[in-house]
Amino acid sequence: EFTANFFEVYSTLLRNTVTWPTMGNHEGDSSSGALQEGPYYDAYVLPKQAEAGGLASGTEAYYSFDIGAAHFICLDSDDLDRSITGDMALWLKDDLEMTNSEWLIAFWHHPPYSKGTHDSDGDLRMTQMREFIVPLLESGGVDLILSGHSHVYERSMLLDGATVTPT
């Protein structure tokens with residue numbers, strides 16, 4: 001599916017463009033972040049040893065890299081521990097502490113805020129990313145969060161400390 005639906009479709013563009021993927025639920029159906037096995041991990045080689053800047057995570061499931069004045073952080077919202085004591089969150093804290101980039105941008109698949117084709121108040125992965133990971137990003141000075149999952153365009157006003165969305 002990666003070959004037919006991505007690499008072949010975008011073959012001309014990909015000759016000159018770097019791809020920085022994050023695993024989502026579709027990839028998670030056949031791949032495991034915990035084991036780093038499956039078609040997603042076969043299709044990409046990701047900087048687990050800080051080969052592109054950032055702090056080595058030791059896993060291709062989540063990683064960081066630097067481009068110019070921007071530091072990018074890719075997280076796995078699909079099948080890894082999203083708690084504040086999990087390996088991903090502990091690495092995230094260290095990665096944020098060590099960077100001195102002007103811009104901090106984080107991305108993952110499941111949005112922390114969504115009322116699109118998925119509701120972030122009814123999805124455990126989305127709720128946990130909002131309640132556990134977003135506060136770490138805010139305290140670390142992250143400027144922008146990008147995510148997917150809901151197949152519609154959504155954006156929000158600037159948010160700070162909005163980890164509970166009762167309405």
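## Close-up views of the salt bridges and the fold

**View 1. Aspartate 78 is buried, at 10% relative accessibility.** Here, buried means under 20% relative accessible area, exposed means over 50%, and partly exposed is in between, using a 1.4 Å probe and protein chains only. What you are looking at is a predicted model, in which local features need pLDDT of at least 70, side-chain atom pairs count only at pLDDT 80 or more, and totals for chains, interfaces and linings use all residues. Residues are numbered from 1 along each chain as its sequence is written, and side-chain values use heavy atoms, with hydrogens and water left out.

**View 2. Aspartate 78 pairs with arginine 125 in a salt bridge.** The closest N and O atoms of the two residues are 3.1 Å apart; a salt bridge is a side-chain nitrogen of Lys or Arg within 4 Å of a carboxyl oxygen of Asp or Glu. Aspartate 78 sits in the loop between strand S2 (70–74) and helix H5 (87–98), while arginine 125 belongs to helix H6 (residues 124–139), so the pair ties together parts that are 47 residues apart in sequence. Helices (H or I, at least four residues) and strands (E, at least two) are DSSP runs, numbered from the N terminus. With 23% relative accessibility, arginine 125 is partly exposed.

**View 3. Lysine 115 forms salt bridges with aspartate 119 and with aspartate 121.** From N to O, the distance is 2.8 Å for lysine 115 and aspartate 119, and 2.8 Å for lysine 115 and aspartate 121. Aspartate 119 is partly exposed, with a relative accessible area of 37%; aspartate 121 is partly exposed too, at 30%.

**View 4. A network of salt bridges links Lys115, Asp119, Asp121 and Arg130.** Side chains of opposite charge can pair when their charged atoms come close. How many salt bridges does the structure hold? There are 5.

**View 5. The chain around these sites has 6 helices and 4 strands.** Along its principal axes, the C-alpha trace spans about 45 × 35 × 30 Å. Buried residues account for 40% of the 167 residues. Of the contacts (heavy atoms within 4.5 Å) with a separation of 6 or more, 60% join residues 24 or more positions apart.
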